[in-house]
Amino acid sequence: GIGSTTLNDGLTYSNVYGTRVQDDQISLNVCDVESVLAVYQSSSTSDPSLPKLNLTNTSSNILNSVIGERIIGNTSNSVAILTNNKITNQIEIVYINENKFIVGEIITFEESQITASVYSTEVGDVDIKKSFVFDNGQRSEFLDFSRIIRNNDASAPTKKLKIIYNYYTIDSNDNGDFVGATS
(Lines give C-alpha, C1' and ligand atoms only; values in the text may rest on other atoms or scores of the structure.)
Protein backbone atom coordinates (compact mmCIF):
# COMPACT_ATOMS: atom_id res chain seq x y z
CA GLY A 1 0.00 0.00 0.00
CA ILE A 2 0.88 3.67 -0.16
CA GLY A 3 1.26 5.57 3.10
CA SER A 4 0.21 9.16 3.66
CA THR A 5 2.70 11.79 2.49
CA THR A 6 1.10 14.60 4.47
CA LEU A 7 0.26 15.33 8.08
CA ASN A 8 -3.04 16.86 6.88
CA ASP A 9 -2.18 20.02 8.81
CA GLY A 10 -2.60 22.46 5.90
CA LEU A 11 1.14 23.14 5.72
CA THR A 12 3.37 22.91 2.66
CA TYR A 13 6.61 21.08 3.37
CA SER A 14 9.93 22.76 2.57
CA ASN A 15 13.54 21.57 2.76
CA VAL A 16 14.67 25.13 3.56
CA TYR A 17 15.40 25.72 7.25
CA GLY A 18 13.70 28.81 8.66
CA THR A 19 10.65 28.59 6.40
CA ARG A 20 8.74 25.91 8.34
CA VAL A 21 6.61 26.68 11.40
CA GLN A 22 8.28 23.80 13.24
CA ASP A 23 11.78 25.33 12.91
CA ASP A 24 13.35 26.88 16.01
CA GLN A 25 14.05 30.03 13.97
CA ILE A 26 11.57 31.38 11.43
CA SER A 27 12.87 33.88 8.89
CA LEU A 28 10.75 36.93 8.11
CA ASN A 29 12.51 37.09 4.70
CA VAL A 30 13.14 40.84 4.98
CA CYS A 31 15.79 42.98 6.64
CA ASP A 32 15.20 46.05 8.79
CA VAL A 33 12.24 44.72 10.78
CA GLU A 34 11.65 47.16 13.62
CA SER A 35 9.20 45.11 15.69
CA VAL A 36 6.96 42.05 15.62
CA LEU A 37 3.40 42.93 16.62
CA ALA A 38 1.80 39.48 16.62
CA VAL A 39 2.24 35.84 15.62
CA TYR A 40 -1.16 34.27 14.92
CA GLN A 41 -1.52 30.48 14.68
CA SER A 42 -4.46 29.07 12.78
CA SER A 43 -6.97 26.94 14.66
CA SER A 44 -7.64 24.92 11.48
CA THR A 45 -5.88 24.07 8.22
CA SER A 46 -6.88 27.49 6.83
CA ASP A 47 -4.84 30.68 7.05
CA PRO A 48 -4.84 32.32 10.50
CA SER A 49 -7.64 34.76 11.19
CA LEU A 50 -6.83 38.16 12.70
CA PRO A 51 -9.19 40.08 14.99
CA LYS A 52 -11.80 41.97 12.96
CA LEU A 53 -14.07 44.93 13.54
CA ASN A 54 -17.30 45.30 11.62
CA LEU A 55 -18.08 49.00 11.37
CA THR A 56 -21.03 51.27 10.77
CA ASN A 57 -21.57 55.06 10.62
CA THR A 58 -18.16 55.74 9.10
CA SER A 59 -17.21 59.37 8.54
CA SER A 60 -15.31 58.47 5.35
CA ASN A 61 -14.64 55.46 3.14
CA ILE A 62 -12.66 52.86 5.14
CA LEU A 63 -10.67 52.12 1.98
CA ASN A 64 -9.06 55.56 2.53
CA SER A 65 -7.55 54.45 5.85
CA VAL A 66 -3.81 53.78 6.06
CA ILE A 67 -2.42 50.29 6.69
CA GLY A 68 -0.31 50.52 9.85
CA GLU A 69 -2.15 53.45 11.40
CA ARG A 70 -3.31 53.32 15.00
CA ILE A 71 -7.00 53.02 15.88
CA ILE A 72 -8.19 54.34 19.23
CA GLY A 73 -11.39 53.34 21.06
CA ASN A 74 -13.11 56.37 22.61
CA THR A 75 -14.73 54.33 25.43
CA SER A 76 -12.52 51.26 25.91
CA ASN A 77 -9.20 53.10 25.42
CA SER A 78 -8.22 50.17 23.23
CA VAL A 79 -5.39 50.75 20.77
CA ALA A 80 -4.87 48.63 17.66
CA ILE A 81 -2.93 48.72 14.41
CA LEU A 82 -4.83 48.48 11.12
CA THR A 83 -3.59 45.50 9.07
CA ASN A 84 -6.26 45.17 6.36
CA ASN A 85 -8.93 47.53 4.99
CA LYS A 86 -10.02 45.80 1.77
CA ILE A 87 -13.71 45.57 2.72
CA THR A 88 -15.70 48.80 3.12
CA ASN A 89 -17.26 47.92 6.49
CA GLN A 90 -14.74 45.47 7.99
CA ILE A 91 -11.11 45.86 9.07
CA GLU A 92 -8.48 43.49 10.43
CA ILE A 93 -6.43 44.69 13.38
CA VAL A 94 -3.73 43.76 15.87
CA TYR A 95 -4.29 44.95 19.43
CA ILE A 96 -1.30 46.72 20.97
CA ASN A 97 -2.69 47.08 24.47
CA GLU A 98 -4.75 44.79 26.71
CA ASN A 99 -8.08 46.60 26.15
CA LYS A 100 -10.56 45.34 23.55
CA PHE A 101 -12.99 47.41 21.49
CA ILE A 102 -16.60 47.47 22.71
CA VAL A 103 -19.64 47.06 20.46
CA GLY A 104 -21.27 50.47 19.99
CA GLU A 105 -18.21 52.58 20.80
CA ILE A 106 -16.78 55.20 18.45
CA ILE A 107 -13.28 54.53 17.14
CA THR A 108 -10.88 57.02 15.56
CA PHE A 109 -8.26 56.24 12.94
CA GLU A 110 -5.31 58.35 14.09
CA GLU A 111 -3.71 59.24 10.73
CA SER A 112 -6.67 59.35 8.33
CA GLN A 113 -8.99 60.85 11.00
CA ILE A 114 -11.83 58.53 10.02
CA THR A 115 -14.36 57.81 12.75
CA ALA A 116 -16.72 54.85 12.89
CA SER A 117 -18.95 52.94 15.26
CA VAL A 118 -18.12 49.32 16.14
CA TYR A 119 -21.06 47.17 15.02
CA SER A 120 -19.51 43.83 16.00
CA THR A 121 -16.14 42.24 16.73
CA GLU A 122 -14.49 38.94 15.76
CA VAL A 123 -11.79 37.54 18.06
CA GLY A 124 -9.56 35.82 15.49
CA ASP A 125 -7.04 33.05 16.14
CA VAL A 126 -4.59 32.83 19.05
CA ASP A 127 -1.59 35.17 19.18
CA ILE A 128 1.45 33.08 20.18
CA LYS A 129 3.97 35.94 20.04
CA LYS A 130 5.05 35.26 23.64
CA SER A 131 6.47 31.92 22.46
CA PHE A 132 9.14 33.74 20.43
CA VAL A 133 11.98 36.22 20.76
CA PHE A 134 12.56 38.73 17.97
CA ASP A 135 16.00 39.01 16.28
CA ASN A 136 16.27 42.03 13.98
CA GLY A 137 19.27 40.54 12.14
CA GLN A 138 21.51 43.57 12.66
CA ARG A 139 25.13 42.51 13.14
CA SER A 140 28.25 44.68 13.33
CA GLU A 141 29.56 43.07 10.11
CA PHE A 142 26.38 42.73 8.03
CA LEU A 143 22.61 43.07 7.94
CA ASP A 144 20.89 39.68 8.00
CA PHE A 145 17.24 38.75 7.54
CA SER A 146 15.10 39.39 10.60
CA ARG A 147 13.65 36.34 12.35
CA ILE A 148 11.71 35.07 15.30
CA ILE A 149 13.29 32.45 17.56
CA ARG A 150 11.10 30.05 19.51
CA ASN A 151 11.65 30.04 23.28
CA ASN A 152 13.19 26.82 24.66
CA ASP A 153 10.11 26.08 26.77
CA ALA A 154 7.58 26.69 23.95
CA SER A 155 6.08 23.94 21.81
CA ALA A 156 6.55 24.08 18.05
CA PRO A 157 3.52 25.45 16.19
CA THR A 158 1.44 22.83 14.39
CA LYS A 159 -0.64 24.99 12.06
CA LYS A 160 -0.10 27.93 9.69
CA LEU A 161 1.28 31.18 11.10
CA LYS A 162 0.69 34.81 10.16
CA ILE A 163 3.39 37.12 11.49
CA ILE A 164 2.56 40.83 11.65
CA TYR A 165 5.57 43.17 11.82
CA ASN A 166 6.80 46.70 11.11
CA TYR A 167 9.79 47.11 8.84
CA TYR A 168 11.70 49.85 7.09
CA THR A 169 11.60 50.13 3.34
CA ILE A 170 12.44 52.79 0.77
CA ASP A 171 10.05 53.29 -2.12
CA SER A 172 11.74 52.28 -5.39
CA ASN A 173 10.66 55.63 -6.92
CA ASP A 174 12.40 57.62 -4.13
CA ASN A 175 15.71 58.92 -5.44
CA GLY A 176 16.44 61.50 -2.71
CA ASP A 177 17.40 59.52 0.38
CA PHE A 178 20.89 58.54 1.48
CA VAL A 179 21.13 55.51 3.73
CA GLY A 180 24.39 54.58 5.40
CA ALA A 181 25.59 52.17 8.06
CA THR A 182 24.79 54.64 10.84
CA SER A 183 21.35 55.67 9.56
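In the predicted model, Glu92 is placed in strand β6, which comprises residues 90-95. With a relative accessible area of 16%, Glu92 is classed as buried, because the limit for that class is under 20%. When residues up to four places away in sequence are left aside, Glu92 is in contact with Leu50, Pro51, Lys52, Ile81, Leu82, Thr83 and Asn84. One of these contacts, Lys52, is also the salt-bridge partner of Glu92, with 3.6 Å between the closest N and O atoms. Glu92 belongs to strand β6 and Lys52 to strand β3, so this pair ties together parts of the chain that lie 40 residues apart in sequence.

Strand β3 (residues 52-56) runs antiparallel to β6 and is connected to β6 by three bridges, and Leu53 has Ile91 as its bridge partner in β6. Both strands belong to a closed barrel of six strands, in the order β3-β6-β5-β4-β7-β8, with antiparallel pairing. Within this sheet, neighbouring strands are turned against each other by 45 degrees on average when direction is ignored.

For the chain as a whole, the secondary structure amounts to twelve strands and zero helices. Of its 183 residues, 36% count as buried, while the exposed surface comes to about 11,300 Å², of which carbon and sulfur atoms supply 48%. Among the contacts with a separation of 6 or more, 64% are made by residues 24 or more positions apart.

The structure holds eight salt bridges, including the Glu92 and Lys52 pair described above. Another is formed by Lys160 and Asp47, in which the closest N and O atoms are 3.3 Å apart. This pair links distant parts of the chain, since Lys160 is in the loop between β11 (147-150) and β12 (161-167), whereas Asp47 is in the loop between β2 (33-41) and β3, 113 residues apart. Lys160 is partly exposed, with a relative accessible area of 24%, whereas Asp47, at 53% relative accessibility, counts as exposed.

A further salt bridge is found between Arg139 and Asp135, with the closest N and O atoms 2.8 Å apart. Salt bridges with shared partners join Asp135, Arg139, Asp144 and Arg147 into one network. Within this group, Asp135 counts as buried at 14% relative accessibility, while Arg139, at 33%, counts as partly exposed.

Asn74 provides an example of a loop residue, being placed between β4 (70-73) and β5 (79-87). Its relative accessible area of 47% makes Asn74 partly exposed, because a residue counts as exposed only over 50%. Not counting residues up to four places away in sequence, Asn74 touches Glu105, Ile106 and Thr108.

Terms used
Residues numbered from 1 in each chain as written. Predicted model: local features only at pLDDT ≥ 70, side-chain atom pairs only at ≥ 80, totals over all residues. Heavy atoms only, no water. Helix = DSSP H or I, 4+ residues; strand = E, 2+ residues; numbered from the N terminus. Buried < 20%, exposed > 50% of the residue type's maximum accessible area, 1.4 Å probe, protein only. Contact = heavy atoms within 4.5 Å. Areas by Shrake-Rupley, 256 points an atom, 1.4 Å probe, with all protein chains shown as cover. Pairing = 2+ DSSP bridges. Axes fitted to C-alpha atoms, helices over the stretch in contact; angles between N-to-C directions. Salt bridge = Lys/Arg side-chain N within 4 Å of Asp/Glu carboxyl O.
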